[in-house]
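Hello,

Here is the structure I promised to pass on. Please open it alongside these notes on its pockets and surface.

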Amino acid sequence: MSVWAVLAAAGRGERLGDERPKAFARLGDLPLLAEPLRRLEESPWVDGIVIAAPPGWEEPSILLAEELGAGKVGSVVPGGETRAASVRAALAEVPDDADVLLVHDAARPLLPDEVIERVLAPLSEGWDGVVPGLPVADTLKRVDGDGAVAETVSRDGLWAVQTPQAFPAGVLRAAAADGRDGTDCASLVEARGGRVKVVQGDPRLLKVTTADDLAKIASWL
């Protein structure tokens, strides 16, 4: 089974307060992008990698891959205006003979290899996609425009979904070709009626949004 990973790294990251794109914010001595790229490179489950880089940052991404010795990187492409557009651009560079596509956000740098294994395993059972997630623990309230609580939402059955997300290659290619936008790839597959399974994620897969998130992840390294 040939598994190719798409590393979505084109986010701007305005809330970080950094002039550089999020993928090139500093995490320790290296850009944020280095950590998830290294982990995908070292994973025995991954055969190849395509990076969707911030537009104009393709060359620095290539140089970083070379610095890390990331020989699995087959291509670096400029990302699009949306996450879905970035994934579509990356999929065009994935070889046609890839069996499985793994999509991961570079903004979740601490990628445990056991999560990769967990999302890949159920694909053999006929699922159209597998995503990691954590059950929602907080009380949820729907709030109207002036800040007033409109209702308290039951958290029963609600999960906060993470990446990496795994799909049979043909399923994700077809979903991406529809041209829809979505906050994750699973939503594109679901829109076509695909069956997506949720497996246990990991609290370490925190998504970097603010400088505080970056500092927290740096403390975990």
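**Pockets and a surface patch**

Start with the lining of the largest pocket: 12 of its residues are nonpolar, 10 are polar and 10 are charged. Keep in mind that this is a predicted model.

The largest pocket holds about 680 Å³ of space. Its lining comprises 32 residues. Closest to the centre are Ala10, Gly11, Arg12, Lys22 and Lys207.

Next, the second largest pocket. Its space comes to about 180 Å³. The lining splits into nine nonpolar residues, one polar and two charged.

- Arg108, Leu134, Pro135, Val136, Ala137 and Asp138 are among them.
- Ala160, Val161, Gln162, Pro203, Leu205 and Leu206 also line this pocket.

Strand E7 (129-135) gives at least two residues to the lining of the second largest pocket, and so does E10.

Now look at Val161. This residue sits in strand E10, which covers residues 159-161. Val161 lines the second largest pocket. Val161 also belongs to a nonpolar surface patch, together with Trp159 and Val198. The accessible area of the three together is about 230 Å².

Is Val161 buried, partly exposed or exposed? Val161 counts as partly exposed, because its relative accessibility is 33% and that class runs between the 20% and 50% cut-offs.

So much for the handover. Send any questions my way.

Best wishes

Technical notes: Residues numbered from 1 in each chain as written. Predicted model: local features only at pLDDT ≥ 70, side-chain atom pairs only at ≥ 80, totals over all residues. Heavy atoms only, no water. Patch = residues over 30% accessible without salt bridge, like charges linked within 9 Å, V, L, I, M, F, W, Y side chains within 5 Å. Areas by Shrake-Rupley, 256 points an atom, 1.4 Å probe, with all protein chains shown as cover. Salt bridge = Lys/Arg side-chain N within 4 Å of Asp/Glu carboxyl O. Helix = DSSP H or I, 4+ residues; strand = E, 2+ residues; numbered from the N terminus. Buried < 20%, exposed > 50% of the residue type's maximum accessible area, 1.4 Å probe, protein only. 1 Å grid on protein atoms, 1.4 Å probe; cavity = no way out; pocket = protein on both sides within 12 Å on 5 of 7 lines; lining within 4 Å. Points joined across faces, edges and corners; volume = space filled by probe spheres on them. Nonpolar A, V, L, I, M, F, W, Y, C, P; charged D, E, K, R; others polar.
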